[in-house]
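Here is a short briefing to read alongside the model.

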Amino acid sequence: MLKNLIALGVPSIVLQYAQEVGQVPHFRVIRGFDDRFSRLYLADPLIGYAYISYQDFDTLWNIQGRISVAVYPPAMHAQVMRALGVGGSTPSHFSGAVTPGRYA
């Protein structure tokens with residue numbers, strides 16, 4: 001799912017533990033991936049730009065319930081829904097979570 005969004009140019013904010021499972025819950029922005037090296041590239045408010053292995057990412061993210069927020073302009077809503085595997089509509093369990101935002 002995250003790699004589908006990143007391939008569209010849509011970053012995702014994820015909640016995971018900072019370094020150790022059970023320690024500090026922490027938000028990061030996932031900005032890229034590289035399957036050759038099995039790593040995700042991220043922007044982290046604590047350490048700046050960095051990367052994390054798929055395995056370490058999954059360990060730290062899985063425990064936090066795999067919470068993520070895709071950040072995209074309203075014009076990309078249908079593309080994002082397809083990348084999430086839900087077509088162009090929003091099923092009830094995504095209600096509110098993927099409602100296009102409004103710009104001031």
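Ile52 is in contact (heavy atoms within 4.5 Å) with Ser38, Arg39, Leu40, Leu42, Phe57 and Leu60, leaving aside its neighbours within four places in sequence. Keep in mind that this is a predicted model, where local features need pLDDT of at least 70 and side-chain atom pairs count only at pLDDT 80 or more, while totals for chains, interfaces and linings use all residues. Residues are numbered from 1 along each chain as its sequence is written, and side-chain values use heavy atoms, with hydrogens and water left out.

**Nonpolar cores**

- Ile52 belongs to the largest nonpolar core, which has eleven residues in all: Leu2, Ile6, Val14, Tyr17, Ile30, Leu40, Leu42, Ile52, Phe57, Leu60 and Trp61.
- A nonpolar core here is a set of buried Ala, Val, Leu, Ile, Met, Phe, Trp, Tyr and Cys residues joined through side-chain atoms within 4.5 Å; buried means under 20% relative accessible area, exposed over 50%, and partly exposed in between (1.4 Å probe, protein chains only).
- Two or more residues of this core come from each of helix H1 (2-7), strand E1 (12-17), E3 and helix H2 (54-62); helices (H or I, at least four residues) and strands (E, at least two) are DSSP runs, numbered from the N terminus.
- H2 gives the largest share of this core, three residues.
- Another core, of nine residues, lies apart from it, and Leu5, Met81, Ala83 and Val86 are among its members.

**The sheet**

- Five strands make an open sheet with antiparallel pairing, in the order E4-E3-E2-E1-E5; two strands pair if DSSP finds at least two bridges between them.
- E4 and E5 stand at the edges with a single partner strand each, so one side of each has no neighbour in the sheet.
- On average, neighbouring strands of this sheet are turned by 35° against each other, direction ignored; axes are lines fitted to C-alpha atoms, for helices over the stretch in contact, and angles run from 0 to 180 degrees between N-to-C directions.
- Six bridges join E3 and E4 in the antiparallel sense, and Leu40 stands opposite Ile52 in E4.

**Helix H2**

- H2 lies across E1, E2, E3, E4 and E5, and runs at about 95° to E4.
- Which residues of H2 are buried? They are Phe57, Leu60 and Trp61.
- These residues cover an arc of only 95° around the axis, which puts them on the same side of H2; the arc is that of the directions from the helix axis to the C-beta atoms.
- The cover over the buried residues of H2 includes H1, E1, E2, E3, strand E4 (48-53) and strand E5 (68-70).

**Salt bridges**

- The whole structure holds four salt bridges, each a side-chain nitrogen of Lys or Arg within 4 Å of a carboxyl oxygen of Asp or Glu.
- One of them joins the side chains of Arg28 and Asp44 (2.5 Å, N to O). Arg28 lies in strand E2 (residues 25-34) and Asp44 in strand E3 (residues 39-44), so this pair ties together parts that are 16 residues apart in sequence.
- Arg28 counts as buried at 7% relative accessibility, and Asp44 counts as buried at 5%.
- Arg36 forms a salt bridge with Asp34, with the closest N and O atoms 2.9 Å apart. Arg36 is exposed at 69% relative accessibility, whereas Asp34 is buried at 10%.
- Asp58 and Arg66 also meet in a salt bridge through their side chains (2.4 Å, N to O). Asp58 is partly exposed at 33%, and Arg66 is partly exposed at 37%.
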